[in-house]
Amino acid sequence: MTGSSRDDATRTAFLALDFAAYIVENFSHDDSVAKQGAAALAAARRAGLPVIHVVPNGMQEQIHPLMAPAAGEPVLGKSSIGAFATTNLDERLRQSGVGRLIVAGVATSGTVLSTTRWAVDTGYEVTVCADACADPDPRAHAALVDERVFPQSWLGLWRIARVLPVAQISELGS
């Protein structure tokens with residue numbers, strides 16, 4: 001891809017998925033997921049990436065305090081597991097010229113998996129922040145983000161997306 005680094009930054013967006021306080025507190029095996037998500041979110045903001053928060057309908061005002069939206073960051077409500085099917089997320093991204101996504105969220109086997117698969121199937125390049133995602137079952141999380149757990153599996157996010165710790169995601173200035 002050609003273009004300035006600023007062009008690259010505007011073509012990548014950060015998605016914060018299901019970081020509602022109730023979900024983080026009840027559907028995460030990792031107590032540090034909100035802290036890790038907040039680190040990724042702060043890095044995305046510093047890099048000038050557009051940030052979009054997506055949570056279940058009715059939870060738009062219940063974002064975990066560490067993941068609180070900044071002024072102007074949209075918070076979309078959804079009625080499906082993934083972020084695309086029941087929102088205008090795809091339209092927003094395409095109108096902004098976004099072709100790459102960085103994803104963080106709870107739960108890995110729910111919204112992260114569903115959103116990532118939909119995004120890849122519709123042409124986006126996706127990077128999953130492995131340490132800014134969590135699941136109620138740590139084994140499910142590991143199977144989805146760590147190729148070494150089930151190297152023969154077709155389910156792993158690593159089959160379709162880059163899966164890296166926040167500190168290794170170059171678009172976040174790491």
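Analyst: Start with the elements: helices (H or I, at least four residues) and strands (E, at least two) are DSSP runs, numbered from the N terminus. Ser109 lies in helix H5, and Thr108 is placed in helix H5 too. This is a predicted model: local features need pLDDT of at least 70, side-chain atom pairs count only at pLDDT 80 or more, and totals for chains, interfaces and linings use all residues. Residues are numbered from 1 along each chain as its sequence is written, and side-chain values use heavy atoms, with hydrogens and water left out.

User: Is Thr108 buried or exposed?

Analyst: Buried means under 20% relative accessible area, exposed over 50%, partly exposed in between (1.4 Å probe, protein chains only). Thr108 counts as buried because its relative accessibility is 0%. Ser109 is at 38%, so Ser109 counts as partly exposed.

User: Which side chain does Thr108 join in a polar contact?

Analyst: A polar contact is a pair of N or O atoms within 3.5 Å; within protein, one must be able to donate a hydrogen and the other to accept it, and residues adjacent in sequence count only if both atoms are side-chain atoms. The side chain of Thr108 pairs with that of His141 at 2.7 Å. Ser109 makes a side-chain polar contact of 2.5 Å with Asp135.

User: Which residues are buried in helix H6?

Analyst: In H6 (residues 138-145), His141, Ala143, Leu144 and Val145 are buried. At the start of H6, a side-chain oxygen of Asp137 comes within 2.8 Å of the backbone nitrogen of Arg139.
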